[in-house]
Amino acid sequence: MGDLSPTRLHAVLRLRVDVFVVEQACAYAEIDGLDPLARHLLVEDADSGQLAAYLRLLPPEAGGGVRLGRIVIAPARRGIGLGGYLMEEGLAEAARAFPGRDVELSAQAHLLKFYRSHGFEAVSETYLEDGIPHIDMRKAAGSPVAGQTRTGPIHP
């Protein structure tokens with residue numbers, strides 16, 4: 001977590017645009033002004049140094065929870081457990097940086113089961129965001145993770 005070098009910032013923006021704009025055919029304002037406020041979690045391939053997974057953690061707004069967003073796995077790195085690893089690390093950083101705060105996210109509806117496995121509960125009905133069904137979810141501060149156990153390190 002920390003500031004992004006120009007090279008890492010480029011890799012982050014490229015991965016987010018490649019997946020959210022191109023792959024998901026969703027035109028939206030990727031550069032939303034929130035990155036300078038965020039903590040950034042990057043998982044880079046140990047051999048190539050390429051970005052394999054990413055999420056950003058936004059500080060809580062008045063009375064709200066910590067917000068995870070832009071959660072993305074590079075297409076070539078899917079299916080090896082990086083999503084679970086990324087969520088575990090993001091939740092751990094949220095607890096370290098903002099103890100006692102709930103964690104919130106806007107999930108693509110097809111990923112509801114995945115986020116539930118990390119202790120999140122739906123707090124809204126399904127709605128369309130940029131043409132994609134989403135649902136707001138929250139993990140209460142200090143709540144256990146339901147049914148998700150990592151048995152060893154992930155090597156992207």
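Helices (H or I, at least four residues) and strands (E, at least two) are DSSP runs, numbered from the N terminus. The exercises below concern a predicted model.

**Exercise 1.** Determine which element gives the largest share of the lining of the second largest pocket, and describe that lining.

*Solution.* Begin with the space itself: the second largest pocket holds about 220 Å³. Its lining comprises 16 residues, and L91, A92, A95, K139 and G142 are the closest to the centre. Turning to the elements, α2 supplies the largest share, six residues.

**Exercise 2.** Characterise the largest pocket by volume, lining and contributing elements.

*Solution.* The volume is about 840 Å³. Lining this pocket are 35 residues, of which F20, I71, Q108, L111 and Y115 are the closest to its centre. Two or more lining residues come from each of α1 (6-23), β2 (51-58), β3 (66-73), α2 (82-97), β4 (103-108), α3 (112-116) and β7 (132-139). The largest share, seven residues, belongs to β3. By class, the lining has 18 nonpolar, nine polar and eight charged residues.

**Exercise 3.** Describe the geometry of α1 and the packing of its buried residues.

*Solution.* First, compare spans: the 18 residues of α1 reach 24 Å from first to last C-alpha, close to the expected 26 Å. Next, locate the bend, which is about 30° at V17. Then apply the burial cut-off, under 20% relative accessible area: V12, L15, R16, V19 and F20 of α1 are buried. The buried residues of α1 pack against β1 (39-44), β2 and β3. Lastly, A25 follows α1 and has a positive phi, near 50°.

Key. Residues are numbered from 1 along each chain as its sequence is written. This is a predicted model: local features need pLDDT of at least 70, side-chain atom pairs count only at pLDDT 80 or more; totals for chains, interfaces and linings use all residues. Side-chain values use heavy atoms; hydrogens and water are left out. On a 1 Å grid over the protein atoms alone, a cavity is a set of points where a 1.4 Å probe fits but cannot get out, and a pocket is an open set with protein on both sides within 12 Å along at least five of seven lines; lining residues have an atom within 4 Å of a point. Grid points are joined across faces, edges and corners, and a volume is the space filled by probe spheres set on the points. Ala, Val, Leu, Ile, Met, Phe, Trp, Tyr, Cys and Pro count as nonpolar, Asp, Glu, Lys and Arg as charged, and the others, Gly among them, as polar. The expected span of a helix is 1.5 Å times one less than its number of residues. The bend at a residue is the angle between axes fitted to the seven residues ending there and the seven starting there. Buried means under 20% relative accessible area, exposed over 50%, partly exposed in between (1.4 Å probe, protein chains only). Contact means heavy atoms within 4.5 Å.
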